[in-house]
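Me: I've got a model open and I'd like to learn how to read its sheet. Can you walk me through it?

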Amino acid sequence: MNTETLNKNANHAATAPAFLSVWDIHAYYGESYIVQGVSFNVHEGEILALLGRNGAGKTSTLRAIAQIGTPELRKGEVWLDHKPLHLMKSHEAANNGLALVPEDRRIIAGLTVEENLKLAQIAPPIGWSLERVYELFPRLGERKKQEGTTLSGGEQQMLAIARALCRDIKVLLLDEPYEGLAPVIVDEIEKTLGIIKAQGITTILVEQNAVRALKLADRAVILDTGSVVFDGSAQEVLDNESLRAEYLAI
Ligand SMILES: Nc1ncnc2c1ncn2[C@@H]1O[C@H](COP(=O)(O)OP(=O)(O)OP(=O)(O)O)[C@@H](O)[C@H]1O
Ligand SMILES: [Mg+2]
């Protein structure tokens, strides 16, 4: 790259979109207007906690970012590493580095742990090797021949995250990964998310267990009735009792 190009890029950096930029998105289930102009940025390598009460619109926001189609994204833009996800179908967004791990985990019945992982690697862009995945999740290595749907809830959550890592991803969207899991398993998954972060993957973490999410996250965005009511550091939310009481009921 010549100096002129470098300078141009440097000048551009001041106004460039963030690594993941969600800009004024509006999404609908039929005529139900649910995501009402949500905007936030996620910086490369950080963990962002996306919080809010039941029905605040967290899952809908993740689905709109991932271009699932329901809710329908009718207005707004989503940019990931300079790519316009809002112009893509969900599989194209996935091929451009976006991974959504939904609440129900979607482990494929009738397949072993390893087959679930290999299926994720069937076409490029391929991410982590099975060896690397088993190093991060030794329990999955021990159970690789077991049918995925017979794993415990915590192990299924690990498998769902592992499957995302088997693709070459830039951003991991996790919808309530701690739901229904015992505290010691949550500890284990939390530790894993820390390691995934250290490997450079950016994460949006939606959690009902807001205190745990905030302790892990760098920043937080709080939604209420489909709009952003707070965007700041995770520590700020932990320190602000009235904010927590008003929007998180904790
Ligand atoms: N498929 C759907 N059709 C119509 N409305 C829906 C649908 N899914 C969700 N909603 C409505 O959209 C709003 C936001 O729901 P969403 O699931 O995004 O909230 P959430 O913050 O993820 O809540 P929770 O904490 O319960 O998971 C709610 O009022 C919900 O009733
Ligand atoms: Mg939800």
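Me: Let's start with strands β3 and β9: how many bridges join them, and do they run parallel or antiparallel?

Reply: The general idea is that strands of a sheet pair through backbone hydrogen bonds, either parallel or antiparallel. In this predicted model, β3 (residues 47-51) and β9 run parallel, joined by 4 bridges. To find your place, look for Leu-48, which sits opposite Arg-219 of β9.

Me: And how does β9 pair with β10?

Reply: That pairing is antiparallel, over 6 bridges, with β10 covering residues 227-233. One pair to click on is Leu-223 and its bridge partner in β10, Val-228.

Me: In what order do the strands of the whole sheet come?

Reply: Read across it and you get β6-β7-β8-β3-β9-β10, an open sheet of 6 strands with mixed pairing. At the edges are β6 (98-101) and β10, each pairing on one side only. From one strand to the next, the twist averages 15°.

Me: Which strands does helix α8 lie across?

Reply: Helix α8, residues 183-198, lies across β3, β7 (171-175) and β8 (202-206). Compare its direction with β8 and you'll get an angle of about 150°.

Me: Zooming out, how many helices and strands does the chain have?

Reply: There are 11 helices and 10 strands. The radius of gyration is 18 Å, close to the 18 Å the globule rule gives for 250 residues, so the chain is as compact as a globular protein of that length. Its C-alpha trace spans about 55 × 50 × 40 Å along the principal axes, and 37% of the 250 residues count as buried.

Me: What percentage of the contacts join residues at least 24 apart?

Reply: Take contacts between residues at least 6 apart in sequence: 68% of them join residues at least 24 apart.

Me: Last one: what does UniProt place at residues 20-250?

Reply: The unreviewed UniProt entry puts the feature "domain: ABC transporter" there. In the model, that span is 36% helix and 28% strand, and its end C-alpha atoms lie 28 Å apart.

Definitions and conventions:
Residues numbered from 1 in each chain as written. Chains lettered and ligands numbered in written order. Predicted model: local features only at pLDDT ≥ 70, side-chain atom pairs only at ≥ 80, totals over all residues. UniProt positions renumbered as here; feature names shortened; annotations may be inferred. Helix = DSSP H or I, 4+ residues; strand = E, 2+ residues; numbered from the N terminus. Rg over C-alpha atoms; globule rule 2.2 N^0.38 Å. Buried ≥ 20, exposed ≤ 12 C-beta atoms within 10 Å, placed from the backbone. Contact = placed C-beta atoms within 7 Å. Pairing = 2+ DSSP bridges. Axes fitted to C-alpha atoms, helices over the stretch in contact; angles between N-to-C directions.
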